[in-house]
Amino acid sequence: MQKHFVLIAILLAMLLTTGCTTNNKTKSSQVIEPIQVDVPLRPEGQMDVLELRTPKIDTVRVGFIGLGSRGPGAVQRYVHIPGAKIVALCDIYEENVEKTQAILDKAGLPRATGYSGSEDAWKQLCESDQVDLVYIATDWKNHAKMMIYAMEQGKHVACEVPAAMTLDEIWAIIDTAERTQKHAMQLENCVYDFFELTTLNMAQQGVFGEVLHVEGSYIHNLNNNWERYVNDWRLQYNKEFRGDVYPTHGIGPVAQVLNIHRGDRMKTLVSMDTKPVNLPEYLIEKRGVDRDSAYNFANGQHTMTMISTENGKTLQIQHDVTSPRPYSRMYQVSGTKGYANKYPVEGYAIEDEGQGFSSHDFLSQDNMNMLMDKYKHRIHRELEEKAKEVGGHGGMDFIMDYRLIYCLRNGLPLDMDVYDLAEWCSLVELSRISIENNNSPVAIPDFTRGNWNRIQGYSHAFAD
């Protein structure tokens, strides 16, 4: 009897061991395949626009569409840019056109041709043979169609962020840019922030060693700003759509550090969000919306996205426009020899025994100033004084506009191309797909369609 029980115990142990081994093998062999999205074939005869160079334009004639919020500030900056001529102004409302004409009057410049009074007035501006560059500063839902139409009319185009909100829009913009061989630039100003420019230069000079991880975000409590958006378009977009709907400020600067589509590419993302609270409560308290309707709200209060690259790097991107938190773009660069951080305080941590630096603490203010002066970017050195004088988010808006005109005048590749636009804007829809599929991984398309590794390293072009 005792032998019988021993035999049963041995058999049970074997079965349990076999079962555990089998289960472990099953678990370890399980691979979660990313959700795939369509990547349309490049139409026959169509060429990519990587490092696109177009004929020099001695005087760039600029037409502005959208003169409500961002547009007038852009016009104000353009009166200070050599080689730019403001020739056309467009807005649905005639009074906005007239107010912007006053900027030209004050600067002693001739008035521009005005377009207004119709939702299609912008098409007339795009069709004008007096315009070389169309500059779009409207609400998000109109960006893509305006960009596409402008390029089809033979114009270069620059558009406020995000330039596209869906993958279909992104591919349409890419195909139009490739077919027409025209520049399509997204106006992402944060890549020209002085700290970001300096840090980019430091990364390119190897100060941080190999950069392995970066972070960016858009954390900005907009509860005092919702009412200024005409027809409530921005809040309504957040109400209707889930995911990171405003990713470009966070991802733009760090994508340049990682040389995205210039030797590396974003490969897979996973997104998740919290439930919405503050914006629904805002609708209840400020607008008298009933509770059920207010909480029928798609966008999460806080959205997080993790991204892996082809070369084994990672990015973390966040979005939150309603929590009571200080403004932050969460700009962080982490490498094998050092670290950069912009929010809540600017600082560098460098591992360099020869200099007496330790990565356990941020550099002293004196050492940080010395480092930033040593690695001050060429663009910063050339434009800092004028940029601070003209302004626009501390000067980075002016640098963005200046560089656009500079490159067009000299026939150079722009600092940001249509594939940057595509990669940064793709997070809007791809993050939604991940969240709505139980935070599943999603494959990020190669918007260059096979050419992401042709250029080695991000760079700014100069005439000399």
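The model is a predicted one. The protein comprises 464 residues, of which 55% count as buried, and its secondary structure consists of 15 helices and 14 strands.

**Overall dimensions and contacts**

- The C-alpha trace spans about 110 × 65 × 55 Å along its principal axes.
- The accessible surface amounts to about 21200 Å², and carbon and sulfur atoms contribute 49% of this area.
- Among contacts with a separation of 6 or more, 75% are between residues 24 or more positions apart.

**The open sheet**

- An open sheet is built from 8 strands in the order S13-S12-S11-S7-S10-S9-S8-S14, with mixed pairing.
- Strands S13 (347-350) and S14 (442-443) stand at the edges with a single partner strand each, so one side of each has no neighbour in the sheet.
- Strands of a sheet pair through backbone hydrogen bonds, in either a parallel or an antiparallel manner.
- Strand S12 (residues 338-341) runs antiparallel to S13, and the two are joined by 4 bridges; Asn341 has Gly347 of S13 as its bridge partner.
- S11 and S12 are likewise antiparallel, with 3 bridges between them, and a hairpin connects S11 to S12 through 2 residues.
- Ser334 stands opposite Tyr339, which lies in S12.

**Helix H2 and its cover**

- Helix H2 spans residues 71-78, and its buried residues are Gly71, Ala74, Val75, Arg77 and Tyr78.
- These residues lie on the same side of H2, because they cover an arc of only 160 degrees around the axis.
- An α-helix has 3.6 residues a turn, so residues three or four places apart point the same way.
- The cover over the buried residues of H2 includes strands S1 (60-65), S2 and S4 (133-136).
- Helices also contribute to this cover, including H3, H13 (378-390) and H14 (396-410).

**A nonpolar surface patch**

- Ile92, Tyr93 and Val230 form a nonpolar patch on the surface, and together they have about 260 Å² of accessible area.
- Ile92 is located in the loop between strand S2 (84-90) and helix H3 (94-106).
- With a relative accessible area of 44%, Ile92 is partly exposed.

Terms used
Residues numbered from 1 in each chain as written. Predicted model: local features only at pLDDT ≥ 70, side-chain atom pairs only at ≥ 80, totals over all residues. Heavy atoms only, no water. Patch = residues over 30% accessible without salt bridge, like charges linked within 9 Å, V, L, I, M, F, W, Y side chains within 5 Å. Areas by Shrake-Rupley, 256 points an atom, 1.4 Å probe, with all protein chains shown as cover. Salt bridge = Lys/Arg side-chain N within 4 Å of Asp/Glu carboxyl O. Buried < 20%, exposed > 50% of the residue type's maximum accessible area, 1.4 Å probe, protein only. Arc of directions from axis to C-beta. Contact = heavy atoms within 4.5 Å. Pairing = 2+ DSSP bridges.
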